[in-house]
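Please look over the chain shown below before reading the notes on its fold.

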Amino acid sequence: MATTSADNGLPRETAGGPPSAGRDGGDGGGEWSWFAPGEGERSAARSSRPDPDPGSGPTPAPAPVTGRRPESGSEPDFPANPGYGKLDPSHDVALIRRTLDEIEPISQAVTSYFYALLFVRHPELRALFPAAMDAQRDRLFRALLTAARLIDDSRVLVEYLSHLGRGHRKYGTRPEHYPAVGECLIDALTRYAVNSWDEQTEAAWVRAYTAISQVMIDAAAEDERHAPAWWHAEVVSHEMRTSDIAVITVRPDHPYPFRAGQYASVETPWWPKVWRNYSLACAPRPDGLLVFHVKAVPAGWVSTALVHRARPGDVLRLGSPAGTMTVNHSSDNGLLCLGGSTGIAPIKALVEDVVGHGRARPVEVFYGARSDQDLYDLESLRELELRHRWLTVRPVVEGPADGLVGRLPDAVRQCGPWHSYDGYLSGPPGMIRSGVEALVGSGIPAHRIRHDSLDGQAAARG
């Protein structure tokens with residue numbers, strides 16, 4: 001889900017973003033193979049680039065070569081790397097995950113060293129990143145872990161990487177930047193994965209990074225054909241619903257081509273190059289306005305600025321829309337929607353989308369919060385419920401209340417089964433995981449459950 005300030009990407013939220021996920025990109029004409037020589041030629045290919053610790057630092061990885069990428073729009077295919085071969089998930093995944101298991105406990109040291117290498121060897125790339133790098137390090141490492149752990153699930157991996165590639169366009173990332181990142185990644189792993197690293201493992205990582213980077217480059221090139229790297233959006237309304245939640249309406253400078261249930265990465269003028277993902281709380285509207293529900297979270301730079309500082313007239317930047325939690329209007333199934341806290345934003349957009357298509361189908365909304373006071377958008381949902389007999393809204397709170405009391409997934413189980421429904425979930429990661437389990441247990445197959453959480457996808461796969 002994308003309604004909080006969480007992200008998944010690189011180099012922004014790396015997120016999104018978040019993905020989360022910046023989207024500044026390239027023309028797609030960069031390197032096809034990042035690492036030129038074979039394993040037996042490595043010693044001759046080592047460069048003399050500066051290292052942050054010349055006495056004990058890693059030896060630089062093979063230098064990148066310039067090549068041609070496949071035509072955009074072709075079926076994504078993991079590329080071969082001269083001397084290293086083509087990615088073989090069945091063989092490489094065990095080596096890659098063994099490295100991940102070793103470095104995960106020391107992730108801060110690994111990622112700090114990676115950035116030191118990158119900025120010493122390639123100081124021109126520093127401008128692509130936000131001034132403050134503390135949160136950036138965590139998001140980058142999370143994105144790399146996610147991509148590497150998905151290496152044997154090509155469908156999910158390509159979807160995830162394509163989102164990141166499109167998102168990085170807004171940072172100014174170009175194809176020629178990826179070799180630098182790859183070299184520094186390999187060298188950081190070489191230094192810290194002392195127990196699991198050998199020539200076979202390094203070759204597996206080179207193949208994996210070649211595949212990962214090419215999917216991202218291709219996605220950025222395709223996106224550049226029909227979309228800008230970002231949109232400017234003026235704040236036209238800012239309404240405080242609680243002490244820490246604001247409903248913000250913006251007017252983009254150009255039409256914003258999104259679908260109900262998707263999310264956008266947002267940058268404020270107060271924190272340049274810091275992007276966070278927020279779900280759109282409306283279906284596409286004739287006036288082109290967009291609505292976001294934002295909750296200020298502790299130490300959340302972007303969320304706090306949006307809630308407590310933004311005012312009408314301020315101009316934000318939006319990245320490209322993303323997300324797959326959209327309605328299949330060719331299906332006759334009902335919609336079972338779970339929204340926790342500001343996760344109700346995309347759920348409301350889905351309801352508006354069903355209204356706009358004019359075809360009645362049962363929609364059940366479970367709106368979860370800690371208390372009645374936190375059900376900040378219940379009134380507007382009740383108004384929709386009064387106008388549309390096919391819509392049922394069920395508030396669920398953890399404390400004393402007039403409606404359902406308890407955990408959101410438990411309430412869903414109690415009101416089931418839901419065999420004839422498709423599931424939609426948006427909220428904190430823990431709610432997504434438990435919600436997926438509840439929906440599967442209530443009769444909805446995993447392939448008919450939609451959300452934008454990789455944690456939830458893992459839960460659906462068991």
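This report goes through the sheets, the helix packing, the cores and a few backbone details.

## The model

The structure is a predicted model. Residue numbers start from 1 along the chain.

## The antiparallel sheet

Strands of a sheet pair through backbone hydrogen bonds, either parallel or antiparallel.

Strand E3 (residues 231-240) and strand E8 (residues 315-318) are antiparallel partners over four bridges. Trp 231 has Leu 318 in E8 as its bridge partner, and Glu 234 stands opposite Val 315 in E8. E5 also pairs with E8 in the antiparallel sense, over two bridges. There, Val 266 stands opposite Leu 318.

## The parallel sheet

Another open sheet is built from six strands in the order E12-E11-E10-E9-E13-E14, and its pairing is parallel. Strand E12 (404-405) and strand E14 (449-450) stand at the edges with a single partner strand each, so one side of each has no neighbour in the sheet. E13 and E14 pair in the parallel sense over two bridges. The bridge partner of Gly 423 in E14 is Ile 449.

Helix H10 (residues 378-387) lies across strand E10 (363-369) and strand E11 (391-397), and runs at about 155° to E11.

## Helices packed on H7

Two packed helices are described by the angle between their axes and the distance between the axes. Helix H5 (residues 154-167) packs with helix H7 (residues 199-224) at an angle of about 55°, and their axes are 7 Å apart. That angle makes H5 oblique to H7. The crossing of these helices is right-handed. On the H5 side the residues in contact are Val 158, Leu 161, Ser 162, Leu 164, Gly 165 and Arg 166. They meet Ile 212, Val 215, Met 216, Ala 219, Ala 220 and Asp 223 in H7.

Helix H6 (residues 178-192) also packs with H7, at an angle of about 150° and with the axes 11 Å apart. Angles over 145 degrees count as roughly antiparallel, and H6 and H7 are therefore roughly antiparallel to each other. The crossing of H6 and H7 is right-handed. Residues of H6 in the contact include Tyr 178, Val 181, Leu 185 and Leu 189. From H7, those in the contact include Glu 202, Trp 205, Tyr 209 and Met 216.

In soluble globular proteins, nonpolar side chains tend to be buried together. The largest nonpolar core in this model has 52 residues, and Phe 292, Val 363 and Val 365 have the most contacts inside it. Helix H9 (residues 344-357) supplies the largest share of this core, six residues. Apart from it lies another core, of 51 residues, including Ile 96, Ile 151, Val 181 and Ala 211.

Which residues does Phe 292 touch, not counting residues up to four places away in sequence? Among them are Ala 246, Val 247, Ile 248, Val 250, Ala 264 and Val 266. Phe 292 also touches Tyr 278, Ser 279, Leu 280 and Leu 318.

## Backbone details

Most residues other than glycine have a negative phi, and most peptide bonds are trans. Ala 299 has a positive phi, near 60°, and is found in the loop between E7 and H8. Its relative accessibility is 75%, so Ala 299 counts as exposed. Ser 341 also has a positive phi, near 55°. Ser 341 is in the loop between strand E9 (334-340) and H9. At 23% relative accessibility, Ser 341 counts as partly exposed.

A cis peptide bond joins Gly 416 and Pro 417, with omega about 5°. Pro 417 is in the loop between helix H11 (408-415) and strand E13 (421-426).

Definitions and conventions. Predicted model: local features only at pLDDT ≥ 70, side-chain atom pairs only at ≥ 80, totals over all residues. Heavy atoms only, no water. Core = buried A, V, L, I, M, F, W, Y, C linked by side-chain atoms within 4.5 Å. Buried < 20%, exposed > 50% of the residue type's maximum accessible area, 1.4 Å probe, protein only. Contact = heavy atoms within 4.5 Å. Pairing = 2+ DSSP bridges. Axes fitted to C-alpha atoms, helices over the stretch in contact; angles between N-to-C directions. Parallel < 35°, antiparallel > 145°, perpendicular 65-115°, else oblique. Left-handed = near helix turned anticlockwise from the far one by under 90°.
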